[in-house]
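Reader: I have a fold on my screen and want to learn how to read it. Can you walk me through some features?

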Amino acid sequence: MLQIGVLALQGAFVEHERMLDRLGIGHFQIRNRKELSLPMDGLILPGGESTAIGKLMDSLGMAALLRERIMEGLPVFGTCAGMILLADEIENDEKRHLQVMDITVRRNAYGRQLGSFFTQGTFAGKPVPMVFIRAPYIVEAGRNVEVLSVVEGHVVAARERNMLACSFHPELSGDLTVHSYFVEAMVKGGK
């Protein structure tokens, strides 16, 4: 059975676990370096507060190992804060985290909590509901980055090799399209 690790330091990790349950995919929480070393077929970096997650990853000695596993090809899916953690550059923040995906993102691109919204969009050509909460978006993508979603002229989902990132929260919509894509195209498809 497939096993997906879900980074459980802060944020919406339980909601991702519920989506994996609905897909019949095994999962476990990652809260420390030892758990990050366990065998897994993929990894989810949930939404939450990117600065807090980044500080916790650093203080727990997880950042370097996480970066190494991703660079070695572990499929990873980052939502909202997870996108910021993966990004090579953050346009409006000096802090950098894992710097593994060739994207530049803008933090809180749609404004603060009051700028949160819901819309219908497409992901890899399929219609999906999109929940944006203090969301970033991609302002620049490298030439090997495949754009999967655009909303109001802004890139909100993209893939590069083994990395998938989206600005919105598919785990909050109840729609399985994005999680299914991650499992089928990247976790199973990468084997």
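Reader: What does the accessible surface of the chain come to?

Author: Accessible areas come from the Shrake-Rupley method with a 1.4 Å probe, and for residues only the protein chains shown count as cover. Here the surface comes to about 8,300 Å², with 49% of that belonging to carbon and sulfur atoms. Keep in mind that this is a predicted model, where local features need pLDDT of at least 70, side-chain atom pairs count only at pLDDT 80 or more, and totals for chains, interfaces and linings use all residues. Residues are numbered from 1 along each chain as its sequence is written, and side-chain values use heavy atoms, leaving out hydrogens and water.

Reader: How do I read a pair of aromatic rings?

Author: You describe such a pair by the distance of the centres and the angle of the planes. Rings of Phe, Tyr and Trp (its six-membered ring) pair if their centres lie within 6.5 Å; planes under 30 degrees apart count as stacked, over 60 as edge-to-face and the rest as tilted. The structure holds four such pairs. One of them, Phe-77 with Phe-182, is tilted, at 5.4 Å centre to centre and 40° between the planes.

Reader: And which rings make an edge-to-face pair?

Author: Phe-123 and Tyr-181: their centres are 5.2 Å apart and their planes at 85°, so the pair is edge-to-face.

Reader: Are Phe-123 and Tyr-181 buried or exposed?

Author: Buried means under 20% relative accessible area, exposed over 50%, partly exposed in between (1.4 Å probe, protein chains only). Phe-123 has 1% relative accessibility, so Phe-123 counts as buried; Tyr-181, at 17%, counts as buried too.
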